[in-house]
Amino acid sequence: MHTDDIIEDVGSMSRFQLLLLFLIIGSKVIHPWGMLMMSFTGVPPDFWWCDKNASVAPNGAMNYTHIQQCPSLDSNTTCTFVYSQEKDTVINEWNLVCEQSDVKPFITAVQMGGVVLGAALGGQSGDAIGRKKTYYLSLLLNVFFNLAAAFSVSWQMFTVLRFFIGAMVGSLLVVSFSYYMEFIGKYWRPMTGTMPFWPVGSALFAMTCWLCPNWSYLHIITAMIHVPFLFGWFVVPESMRWLAAHGHLEEAEKVVDQMARYNGTKKPVNTAAILKQVAEEELRGRESNRKYTYLDLYRPWSLCWKSFIIQIVWLNVSSVYYGISFGVGRLTGNLYLNMFLVAIIDIPGKLVVFFLSNKIGRRWTAFIFFALASCAAFAVVFVTSVDAAVGESVTTVLALVCRLGVAAAWACHLVFASETYPTVIRNLGYGAANTAARVGSIVSPYIFTMGGDDLMPPFLIVGISMFLCTLLSLVMKETMGVPLEDTTANTSKKPCNSDVMVGYKSIPLKKDEDNGLLDEEV
């Protein structure tokens with residue numbers, strides 16, 4: 001018996017789950033505001049130049065002969081940087097141009113380093129002290145750090161605060177996914193990764209940047225939109241699976257009562273027995289009072305190789321996904337429109353993933369979209385190599401197709417990662433995958449700075465990276481329709497009951513027809 005049976009009996013997708021969908025997964029609407037802030041705040045104003053006399057940019061700035069020209073290094077004259085007034089970003093706030101131009105990707109990389117730390121700590125914390133405490137503490141701290149960042153007095157202070165904002169976003173992304181998944185039935189699991197809250201949030205962020213193009217105000221707005229989700233503390237319970245696996249049986253049963261009450265159903269009569277079985281299996285499967293760590297993701301081998309593949313895929317996907325997001329300023333066309341399109345293109349892909357992953361499985365769905373992203377990236381390389389002028393007119397379209405494929409494949413792997421691990425280490429597994437992803441995201445700001453104005457080098461890297469993910473997606477075992485494991489008891493042996501492990505050799509067993517005992521098959 002599994003806790004999945006309890007969830008199916010009290011309602012696997014009803015009023016209770018819909019409420020939590022808004023309060024937990026719905027918060028992903030605000031996560032892009034923190035993650036993608038540098039895609040706007042790191043873009044310089046349209047016109048800037050170095051002038052001996054500081055002045056406001058005139059209307060005829062486009063005809064100024066020294067637009068975006070840095071002073072020569074051998075010049076002894078000093079000048080003041082002057083910027084056009086259509087947007088206020090950290091670039092013109094602290095003159096991050098010319099010899100200071102490397103600061104922008106550095107700030108983004110530091111932020112992503114914070115996401116790496118936050119993903120690791122969020123995974124460990126979610127499994128150690130609970131999903132609920134980790135989730136709401138991260139939300140609260142994110143409010144504080146965004147408000148502090150809005151009043152930064154130097155780019156160094158701003159960089160430190162972006163690191164902590166990244167850490168909170170990393171923690172939220174890790175814990176929110178597994179938190180909600182542990183309340184829903186197996187048929188609805190793909191919805192956790194395919195609901196388009198993230199792209200909707202990204203699109204709203206792009207529109208807000210257009211309406212309020214000021215880096216400081218945007219941080220204040222980001223802090224304020226976190227506040228409504230904090231009130232979920234008084235409604236959302238701790239994960240029933242986590243409580244049962246950690247021996248808190250009375251609290252776990254109260255959560256089942258709450259689910260049944262909200263859904264208008266009755267608690268199964270064997271609820272206490274199932275929860276007790278989960279707790280006992282977990283107690284037998286591990287040492288007394290032992291805390292799980294990331295090392296448990298790599299033992300035994302049956303779990304180890306899956307962890308490595310998931311982390312390699314996430315590293316590559318993240319570097320491409322955020323590379324396109326942070327490199328949106330390199331694409332032709334209006335900045336705000338491109339930001340909006342890069343965000344909104346995720347929605348159709350995620351919706352298709354929800355239906356395909358329940359029809360043909362997670363593995364083949366990921367394969368199809370990784371192949372699409374790889375083909376689109378190589379198409380950019382081909383077009384730009386044949387005719388650069390023509391390439392400029394179609395590169396944005398191909399980049400959007402590539403982004404669609406990457407986002408859809410990643411949505412599928414979100415489900416893959418959570419379905420692979422049992423409850424007691426699910427947050428750790430998801431946290432490790434997110435940590436690998438953030439390592440890729442640290443590199444992402446530099447991918448689209450390669451090649452200057454030539455988009456061939458970055459998209460060649462993207463194409464190769466996505467082709468590797470296409471192959472690796474075929475290696476993963478299908479998880480469609482497989483019940484979620486709650487303990488590590490079943491991961492320490494092979495899935496088939498007719499095999500036992502002796503050292504590194506698998507010895508098949510057969511049943512003796514006379515006495516029903518198991519004998520070794522010679």
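## Ser171 in helix H8

Ser171 sits in helix H8, which spans residues 155-181. The model is predicted. Ser171 has 6% relative accessibility, so the residue counts as buried; the cut-off for that class is under 20%.

Which residues does Ser171 touch, not counting those up to four places away in sequence? They are Gly118, Ala119, Gly122, Thr134 and Ser138.

## Helices H6 and H21

Helix H6 covers residues 103-128, and helix H21 covers residues 423-447. Their axes come within 7 Å. The crossing angle is roughly 175°. Angles over 145 degrees count as roughly antiparallel, and therefore H6 is roughly antiparallel to H21.

What is the make-up of the contact of H6 with H21 in nonpolar, polar and charged residues? The residues divide into 15 nonpolar, 12 polar and 3 charged.

## Nonpolar cores

The largest nonpolar core holds 104 residues. Within this core, Met35, Trp314, Tyr322, Phe459 and Met466 touch the most other members. Helix H20, residues 388-420, supplies the largest share of the core, with 15 residues.

Tyr322 can be followed in more detail. Setting aside residues up to four places away in sequence, Tyr322 touches Met35, Leu36, Met112, Trp198, Gly327, Trp410, Arg438, Ser441 and Ser444.

## Ala260 in helix H14

Ala260 belongs to helix H14, residues 249-263. Is Ala260 buried or exposed? Its relative accessible area is 4%, so Ala260 is buried.

Ala260 and Arg15 are 245 residues apart along the chain. Their C-alpha atoms are separated by 9.8 Å. Leaving aside neighbours within four places in sequence, Ala260 is in contact with Val10, Thr265, Lys266 and Lys267.

## The chain overall

The chain has 522 residues, and 56% of them are buried. Its secondary structure consists of 22 helices and 5 strands.

Note on methods:
Residues numbered from 1 in each chain as written. Predicted model: local features only at pLDDT ≥ 70, side-chain atom pairs only at ≥ 80, totals over all residues. Heavy atoms only, no water. Axes fitted to C-alpha atoms, helices over the stretch in contact; angles between N-to-C directions. Helix = DSSP H or I, 4+ residues; strand = E, 2+ residues; numbered from the N terminus. Parallel < 35°, antiparallel > 145°, perpendicular 65-115°, else oblique. Nonpolar A, V, L, I, M, F, W, Y, C, P; charged D, E, K, R; others polar. Buried < 20%, exposed > 50% of the residue type's maximum accessible area, 1.4 Å probe, protein only. Contact = heavy atoms within 4.5 Å. Core = buried A, V, L, I, M, F, W, Y, C linked by side-chain atoms within 4.5 Å.
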